[in-house]
Amino acid sequence: MDEAKELERFDDKIEQEIRIEPKDWMPDDYRKMLIRQISQHAHSEIVGMLPEANWITRAPSLRRKATLLAKVQDEAGHGLYLYCAAETLNISREEMVDQLLSGRAKYSSIFNYPTLSWADIGAIGWLVDGAAIMNQVPLCRASYGPYARAMVRICKEESFHQRQGYEILLTLCRGSEEQKAMAQDALNRWWWPSLMMFGPNDDASSHTAQSMKWKIKRFSNDELRQKFVDVCKEQADILGITIPDPDLKWNEESGHYDFGKINWDEFWNVIKGNGPCNKERLQARIESHEEGAWVREAALAYAEKKKKSELVGSPSN
Amino acid sequence: MSNQSEPLWEVFIRSKQGLDHKHVGSLHAADAKMAIENARDVYTRRMEGVSIWVVESKYIHATNPDETESLFDPANDKVYRHPTFYDLPDELKYM
């Protein structure tokens, strides 16, 4: 079949909400866009383990330690689901890992901020996972089958992450003055970077229009960001802490909260590699990859050796 | 670092006794034992299963999407394979 006809069939499927599967014909740019988005998403899950892992050994109780461990383990799992989804598009795992470690691939810039106090673990669960869920729920309907299926699994697991974070902050906010101040300080530091997680404003987002046309994304960055602000305001009120934005107020006319201007210079600066922890995060990933090399080699060598001994021992010999 | 990579495995999970194993995803592992152990950690953290199958992906053979029509469409015009095709009186019970 010629390419024009294939493209027509592809567009038809998208139009009719028929999922695209790995062996189906797809335009090169669709494939590229998915590889970029899914691999960045996978990298974010993997790098995202680092700021939280920082507090596993210092969690204030066994209950908190067990839940944080489970959460970090989930993030590893999410990274693996996503890497596998990306691999169905004909990119190898090694290539993706190499893109991350060489600094060519991006990951969510939120993970380039440090976790300074225990309250940050609460703020990450509440805000960072909250923003991620807001982004990810519509991706369960993404037009590419393997991505959508991975997202369904991820979203199911992610809701405990947000609740455990909120519970940490709730406990701090009901505690001593110092504990409440810790919670407020964490909100102050994580609020704006969380809003940046939705990406640039719609008019500055180069991929959004095409991505929505192909039904990978279902909502624009600004739509999702607005939804997030609306739900967070009430959740902050329940905690009794204040969102650090003097311009945040209810707009009767629009039915939404208005909010202040995001510092996009900071956003682009962190993306370019100048955030507080960019170097540290990448270094941690590189070290972990290099120090684990002998394990991967040993596992392969063992599998090879066993295969050989099975051949020698088989009855046909 | 070696260039050799761990092969890809497809993972199938039986969610409870009495149900089929169902494909849930894939993963990399050096051998079958490691693939099963990894599948336990990656795909059954919340009691999703009671049994795991792993198959190296290269052993899976599949239909070609280009042949979808010729393979599956002929069933469309054989509606008499379905019970609703047959015209029977409403009084008829238990059939």
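This is a predicted model: local features need pLDDT of at least 70, side-chain atom pairs count only at pLDDT 80 or more; totals for chains, interfaces and linings use all residues.
With that, let's start on chain B, with Lys22(B). Lys22(B) sits in strand E2 of chain B, which covers residues 21-28. So is Lys22(B) buried or exposed? Exposed counts as over 50% relative accessible area, and Lys22(B) comes out at 60%, so it is exposed. Take Val11(B): it is eleven residues from Lys22(B) along the chain, and the two C-alpha atoms are 8.2 Å apart.

Now over to chain A. We have 13 helices and two strands there. The C-alpha trace spans about 75 × 50 × 35 Å along its principal axes. Of the 317 residues in chain A, 50% are buried. And if you take the contacts in chain A with a separation of 6 or more, 76% of them are between residues 24 or more positions apart.

What about the inside? In soluble globular proteins, nonpolar side chains tend to be buried together. Here, the largest nonpolar core has 94 residues, and the ones touching the most other members are Tyr30(A), Tyr147(A) and Trp191(A). Helix H6 of chain A, residues 118-136, gives this core its largest share, eleven residues. Let me pick out Trp191(A). Which residues does Trp191(A) touch, not counting those up to four places away in sequence? Among them are Leu127(A), Phe228(A), Val229(A) and Cys232(A), and the list also includes Ile243(A), Pro244(A) and Asp245(A).

A quick stop at Ser61(A), in the loop between helix H3 (49-53) and H4 of chain A. Its relative accessible area is 33%, so Ser61(A) counts as partly exposed. The side chain of Ser61(A) reaches the backbone nitrogen of Arg64(A) at 3.2 Å. For a sense of distance, Ile20(A) is 41 residues from Ser61(A) along the chain, and their C-alpha atoms are 46 Å apart.

On the chain A side, 25 residues are in contact with 22 residues of chain B. Between them the two chains bury about 2,000 Å², and 51% of that is on carbon and sulfur atoms. In chain A, the residues losing the most area to chain B are Lys23(A), Arg153(A) and Leu300(A), which together make up 26% of what that side buries.

How many salt bridges cross this interface? The rule finds five. One to look at on screen is Arg46(B) with Asp74(A), where the closest N and O atoms are 2.4 Å apart.

H13(A) gives the most, nine residues. By class, the chain A side has nine nonpolar, four polar and twelve charged residues.

Notes. Residues are numbered from 1 along each chain as its sequence is written. Chains are lettered from A and ligands numbered from 1 in the order in which they are written. Side-chain values use heavy atoms; hydrogens and water are left out. A nonpolar core is a set of buried Ala, Val, Leu, Ile, Met, Phe, Trp, Tyr and Cys residues joined through side-chain atoms within 4.5 Å. Buried means under 20% relative accessible area, exposed over 50%, partly exposed in between (1.4 Å probe, protein chains only). Helices (H or I, at least four residues) and strands (E, at least two) are DSSP runs, numbered from the N terminus. Contact means heavy atoms within 4.5 Å. Buried area is the accessible area (1.4 Å probe) that two parts lose on being put together, summed over both. A salt bridge is a side-chain nitrogen of Lys or Arg within 4 Å of a carboxyl oxygen of Asp or Glu. Ala, Val, Leu, Ile, Met, Phe, Trp, Tyr, Cys and Pro count as nonpolar, Asp, Glu, Lys and Arg as charged, and the others, Gly among them, as polar. A polar contact is a pair of N or O atoms within 3.5 Å; within protein, one must be able to donate a hydrogen and the other to accept it, and residues adjacent in sequence count only if both atoms are side-chain atoms.
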